[in-house]
Amino acid sequence: MKRVYVNGEQILKGSVKVSGSKNASIAIIAASLLVKGEVVLDNVPRVNDVQEMLELVRSIGAKYDWIDINQLAIDCSELNSTTIDYKLTQRLHASILLLGPLVGRFGECAISLPGNDNLGPRPIDLHLKGFKLKGIHADISNGQIIVNGRTNQDSAIYLDFPSVGATENLILNSVLGNGVTVIQGAAKDPEIVNMASFLTSMGAKISGAGTDTIKIKGVPQLKPVRYSIMPDRMEAGTFMIMAAANRGDVIISGVVNKHLKPVTAKLREAGAEVDEVDGAVQVKSTQRLQSLIVKATPYPGFPTDLQPIISAALTTAANTSIISEKVYKNRFQYIGELRRLGAKIKVEGNTAVITGVDRLLGSTVTANDTRGAAALLAAGLMAFGKTEIINAELLDNGYENWVEKVSSINGSVNIVN
Ligand code: EPU
């Protein structure tokens, strides 16, 4: 395991280009299972979660090849199984996204139930409810999810929480076949829009992606295309928040400005200067941030994946900030570690109350999940002295070349193997 040391209180300056979206890539790799022939994807980040998704599709016969550093070819012409190995599914919660396309293409799939992960319980009841409403048999038996049936009837599905994964799975399941599927209460995240537009470019008939009502009309088959993955808004937001927290001046390029609105608004409210130009954002901060009230809610709300990082930034803000987490039941695990750096945070249920301190002091901390690790990195960059982050390799799951990128904006990160 690598030991990562961060030397804090270096002002972040310079520019950084964001990579392609990890979560859009994962959904689009799942979508590639629906087509025979070679799909070419550009702007795919080389992060561990994407690699895990590729191993999952390879385990059932897909072929993939990195043509260039971020260019990937996937060929799912000859799949040989609809049963997914337990060991692979346990490594990536998003393995559940194989259900929709495999059932859509072959009428069946058996996959191990994803276990709890470091974000706590992550039920999949909405996915199963959606399949059942489409007249597809979906059951859990001996730790396996077993789904059988075809999309041949018209159906209307109402999701009572806008789950990203359930929305993606139900779209993926409805693309091939005869019926019309309407999903109401759908998640509106840009990654869903990106996946839908990939599918549409291959001949799928999908309307309403990005709104809460999505309509999919089944088609007999898709044709392979070349497609470019959208920029990673979580990586962009992470660098924006780090720059604001650090009295920095950083240009973050390769972004879609409208995806970053909730972050831009909150950083401005906290007193940072955020200048948007098409495809880039410059974040400058010359003084201590002001406290904020942040609610992590489904898109277009403030993203839960950035909740740990903005919390880290607010540990040294003037006055008291209140953070509420409305998406996950257990996303405050990193807070105990921030306290080790001197942060004053009280947690009650899904709310954290952060009393700003003058400065954080470097210490040893342990990361539990990718975004928690990013919060500890942000805090380490703010803290006086040296911070050792144990399990910092969790950042490799979601942040491409993070050591190089942080170093390129004057952050001092050293890895000792
Ligand atoms: N939920 C249910 N029942 C379901 C599905 C979800 O109760 O059937 C609950 C979950 O337990 C969770 C909440 O709804 O509390 C949100 O789950 P959702 O299905 O929306 O999330 P996901 O599809 O599992 C994706 C991202 C996550 C991101 C969430 C929320 C991917 C591969 N993952 O997960 O990203 O946090 O949406 O925006 O797209 C990350 O990138 O670090 C990450 C965890």
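Helix axes here are lines fitted to C-alpha atoms over the stretch in contact, and angles run from 0 to 180 degrees between N-to-C directions. All views show a predicted model.

**View 1. Helices α1 and α2 pack against each other.** Helix α1 (residues 22–32) and helix α2 (residues 48–58) meet at an angle of about 10°. Their axes lie 9 Å apart. Angles under 35 degrees count as roughly parallel, so α1 and α2 are roughly parallel to each other. Helix α1 contributes Lys22, Ser25, Ile26, Ile29 and Ala30 to the contact. Helix α2 contributes Asp49, Val50, Met53, Leu54 and Val57.

**View 2. A salt bridge joins aspartate 49 and lysine 22.** The N to O distance is 3.3 Å. Both residues are buried. Aspartate 49 sits in α2 and lysine 22 in α1, so the pair ties together parts 27 residues apart in sequence.

**View 3. Arginine 226 pairs with aspartate 42.** This salt bridge spans 2.7 Å, N to O. It links strand β14 (residues 226–228) to strand β3 (residues 38–42), with the partners 184 residues apart. Arginine 226 is exposed, at 56% relative accessible area. Aspartate 42 counts as buried, at 17%.

**View 4. Arginine 105 is buried without a salt bridge.** The residue belongs to helix α4 (residues 99–106). Aspartate 75, the nearest side chain of opposite charge, is 7.4 Å away. A salt bridge needs the nitrogen and carboxyl oxygen within 4 Å. A polar side-chain atom of arginine 105 does lie 3.1 Å from the backbone oxygen of serine 77. Arginine 105 also touches other residues, including Leu33, Val35, Cys76 and Leu176.

Definitions and conventions: Residues numbered from 1 in each chain as written. Predicted model: local features only at pLDDT ≥ 70, side-chain atom pairs only at ≥ 80, totals over all residues. Heavy atoms only, no water. Helix = DSSP H or I, 4+ residues; strand = E, 2+ residues; numbered from the N terminus. Buried < 20%, exposed > 50% of the residue type's maximum accessible area, 1.4 Å probe, protein only. Lys, Arg positive; Asp, Glu negative; His and termini not counted. Polar contact = N/O pair within 3.5 Å; in protein donor to acceptor, adjacent residues only side chain to side chain. Contact = heavy atoms within 4.5 Å. Parallel < 35°, antiparallel > 145°, perpendicular 65-115°, else oblique. Lists of a residue's contacts leave out its neighbours within four places in sequence.
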